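Open the model in your viewer and keep the sequence panel beside it. We will walk through it one selection at a time.

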Amino acid sequence: MQNNLRPESMERITNFELANAFIAEQIAEIRAQVGDKKVLLALSGGVDSSVVAALLIKAIGKQLVCVHVNHGLMRKNESENVVKVFKDELDANLIYVDATDRFLDLLAGVSDPESKRKIIGGEFINVFADEARKLEGISFLAQGTIYPDILESIKQAEGKKAVKSHHNVGGLPEDLQFELVEPIKLLFKDEVRVVGEALGLPRAMVYRQPFPGPGLGVRCLGAITRDRLAALREADAILREEFDINGLAEKVWQYFVIIPDIKSVGVKDDSRYEGWPAIIRAVNTVDAMTASIEEIPYAVLHKITSRITSEVNGINRVLYDLTPKPSGTIEWE
Ligand code: XMP
């Protein structure tokens with residue numbers, strides 16, 4: 001645990017000069033650790049794995065093999081964007097796996113939130129392990145572990161209980177044990193973002209709002225169906241677009257749509273129209289342990305409501321969740 005603890009002398013990375021010094025230091029360390037061997041990375045497109053990928057591409061180029069698993073629960077255009085940035089722009093050695101059917105088939109009919117999480121987490125490892133087994137000569141596994149993850153595991157080791165089984169990538173099977181490369185494990189999130197910007201990653205990627213590992217799976221409540229998931233993805237894209245246009249994206253920490261597994265009667269083109277409600281959640285927080293509700297201008301809420309109900313198939317109402325954390329959690333599940 002000793003070298004997992006941040007030395008008191010370590011300066012907080014707040015500007016490009018410090019970030020560039022950190023990057024140079026890490027490049028040297030990664031090269032010394034890895035030599036001419038190959039490194040595998042699960043690249044989700046989140047800030048942490050993206051920064052690790054960009055760092056490793058700088059340090060060892062094509063010796064890094066990135067695997068992006070699209071579990072079918074990504075937001076609109078998210079996987080496409082990972083391919084665009086890393087394969088097309090950074091020329092990464094990137095394997096893209098569309099595993100949508102594998103995940104959605106396994107999730108069919110499963111409504112219990114923790115069971116859904118376990119299926120998504122478990123299948124993620126299966127898909128990733130299948131890809132890893134096809135590759136030859138991998139010696140290292142890179143991970144986007146950051147300092148709060150280390151602090152969290154210390155807390156868990158001390159026996160403190162989590163409310164939900166948060167997970168992104170769990171442990172790999174016995175036959176796939178690699179030495180770890182964790183270049184950002186002593187950094188806090190704000191430092192990871194500065195390093196990401198200094199590495200030239202797009203701002204939208206570096207300042208991306210948090211997105212849970214199980215993705216839209218925790219926001220498509222109850223048993224996931226393809227049609228409701230598609231409606232959720234479209235409604236969420238509209239919400240994000242309107243937040244961007246109206247300058248709210250910079251002010252609100254996390255904002256997204258949830259669709260419960262209920263329908264109500266509505267009316268469309270003078271006919272009865274049974275549809276799902278889309279629930280908007282927009283919260284601010286410092287550490288995600290508590291969260292407050294943002295006051296969104298009525299005009300923006302009206303515009304979002306009108307766009308979602310007219311543009312998204314299957315939705316006939318839009319609701320705004322006014323509950324802080326506690327008593328709600330940020331996600332619904
Ligand atoms: P809750 O719902 O517990 O969420 O108030 C707190 C924050 O954690 C995010 N979240 C996750 N993040 N993997 C993650 O990396 C997960 O499995 C996961 N589940 C929830 C959530 O979006 C919120 O920002």
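Which residue takes a positive phi in the hairpin of S7 and S8? Select Asp 269: its phi is positive, near 50°, and the hairpin has two residues between the strands. Before moving on, note that this is a predicted model, in which local features need pLDDT of at least 70 and side-chain atom pairs count only at pLDDT 80 or more, while totals for chains, interfaces and linings use all residues. Residues are numbered from 1 along each chain as its sequence is written, and side-chain values use heavy atoms, with hydrogens and water left out.

**Stop 1: strand S8**

Now select residues 271-284, which make up strand S8. Strands here are DSSP runs of E with at least two residues, helices are runs of H or I with at least four, and both are numbered from the N terminus. S8 is mostly covered, with eleven of its 14 residues buried. Buried means under 20% relative accessible area, exposed means over 50%, and partly exposed lies in between (1.4 Å probe, protein chains only).

**Stop 2**

- Select residues 264-268 for S7, which pairs with S8 in the antiparallel sense over five bridges. Here Val 267 stands opposite Arg 272 in S8.
- Select residues 254-258 for S6, joined to S8 by five bridges and running antiparallel to it. Look for Ile 258, whose bridge partner in S8 is Ile 279.
- Select residues 315-320 for S10, which runs parallel to S8 and is joined to it by five bridges. Ile 279 turns up again, standing opposite Leu 319 in S10.
- Select residues 292-293 for S9, which pairs with S8 in the antiparallel sense over two bridges. Val 283 has Ile 293 as its bridge partner in S9.

While you have the side chains displayed, keep one rule in mind: in a regular strand they alternate between the two faces of the sheet.

**Stop 3: salt bridges**

Next, show the charged side chains. A search of the whole structure finds 27 salt bridges, each being a side-chain nitrogen of Lys or Arg within 4 Å of a carboxyl oxygen of Asp or Glu.

Start with Arg 226 and Asp 101, whose closest N and O atoms are 3.1 Å apart. This pair links distant parts of the chain, with Arg 226 in helix H9 (residues 226-245) and Asp 101 in helix H4 (residues 100-107), 125 residues apart. Arg 226 is partly exposed at 44% relative accessible area, and Asp 101 is partly exposed at 45%.

Move to Glu 242 and Arg 307, a salt bridge with its closest N and O atoms 2.8 Å apart. Glu 242 lies in helix H9 and Arg 307 in helix H10 (residues 298-311), 65 residues apart. Are these two buried or exposed? Glu 242 is buried, with a relative accessible area of 1%, and Arg 307 is buried too, at 14%.

**Last stop: a network**

Finally, select Arg 102, Glu 123, Asp 130, Arg 133 and Asp 175, which salt bridges with shared partners join into one network. Within it, zoom in on Glu 123 and Arg 102, where the closest N and O atoms are 2.8 Å apart. Glu 123 sits in helix H5 (residues 113-134) and Arg 102 in helix H4, 21 residues apart. Glu 123 is buried at 8% relative accessible area, whereas Arg 102 is partly exposed at 36%.

Note on methods: Two strands pair if DSSP finds at least two bridges between them.
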